[in-house]
Amino acid sequence: MRDRADFEGYVAQRSDRLLRTAYLLCRDWGQAEDLTQTALAKAWLAWRRVGEDPDPYVYRILANTHASWWRRRWRAEVPTETLPESAVADPAGGFGVRDELRTALAALPPKQRAVLVLRYYADLPDRQIAEILGCSAVTVRSQAARALAKLRVDPAARAAATPGS
């Protein structure tokens, strides 16, 4: 049985990584903060039942909460990619490439995006991703393969991956 002091230590140690993972799932810092807070609040309620390694449990809460929010989201308003003002040259070269990769990642279905984020950003093995998402490891591998195939044919993703573009 875990005590509440362990939870405080866990939050202090892992909240930044959880926030970045949440951002990669939802692509909005405000929503990522809400998602992280909600996941930690749910983890707090079950903290005494969580095993020795709480990461899979918390990542699963994060992914499931994001999926339920995504399903409920009102879709009448669609944000546009072009701003009314003229674009300014990117003073920090690497940010443009990362933004293009984030845009390509956002075009993927939520489950494929979650698989790629948990595999390549959170650096989790397929078995653990499968536990978090409630599917088999084979499904994780097939979702990852499909997502990577979509990214390979996406012109924005190819341009971002090609040096000097």
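Leaving aside its neighbours within four places in sequence, which residues is Tyr59 in contact with?

**View 1. Contacts of Tyr59 in the predicted model.** Contact means heavy atoms within 4.5 Å. In this predicted model, local features need pLDDT of at least 70 and side-chain atom pairs count only at pLDDT 80 or more, while totals for chains, interfaces and linings use all residues. Residues are numbered from 1 along each chain as its sequence is written, and side-chain values use heavy atoms, with hydrogens and water left out.

**View 2. The chain as a whole, with eight helices and zero strands.** Helices (H or I, at least four residues) and strands (E, at least two) are DSSP runs, numbered from the N terminus. Of the 165 residues, 36% are buried. Buried means under 20% relative accessible area, with a 1.4 Å probe and protein chains only. Take contacts between residues at least 6 apart in sequence: 66% of them join residues at least 24 apart.

**View 3. The largest nonpolar core, 39 residues.** Such a core is a set of buried Ala, Val, Leu, Ile, Met, Phe, Trp, Tyr and Cys residues joined through side-chain atoms within 4.5 Å. Tyr59, Leu62, Leu118 and Leu133 have the most contacts inside it. At least two core residues come from each of α1 (4-26), α2 (29-45), α3 (55-72), α4 (93-106), α5, α6 and α7 (137-153). The largest share, nine residues, is from α1. In soluble globular proteins, nonpolar side chains tend to be buried together.

**View 4. The crossing of α5 (residues 110-121) and α6 (residues 126-133).** The two axes come within 10 Å and cross at roughly 135°. Axes are lines fitted to C-alpha atoms, for helices over the stretch in contact, and angles run from 0 to 180 degrees between N-to-C directions. The helices α5 and α6 are therefore oblique to each other; angles under 35 degrees count as roughly parallel, over 145 as roughly antiparallel, 65 to 115 as roughly perpendicular and the rest as oblique. From α5, Ala114, Val115, Leu118 and Arg119 make the contact; from α6, Asp126, Ile129, Ile132 and Leu133 do.

**View 5. Helix α6, mostly covered.** Six of its eight residues are buried. They are Asp126, Gln128, Ile129, Ala130, Ile132 and Leu133. Gly134 follows α6, with a positive phi near 70°.

Methods: Buried means under 20% relative accessible area, exposed over 50%, partly exposed in between (1.4 Å probe, protein chains only).
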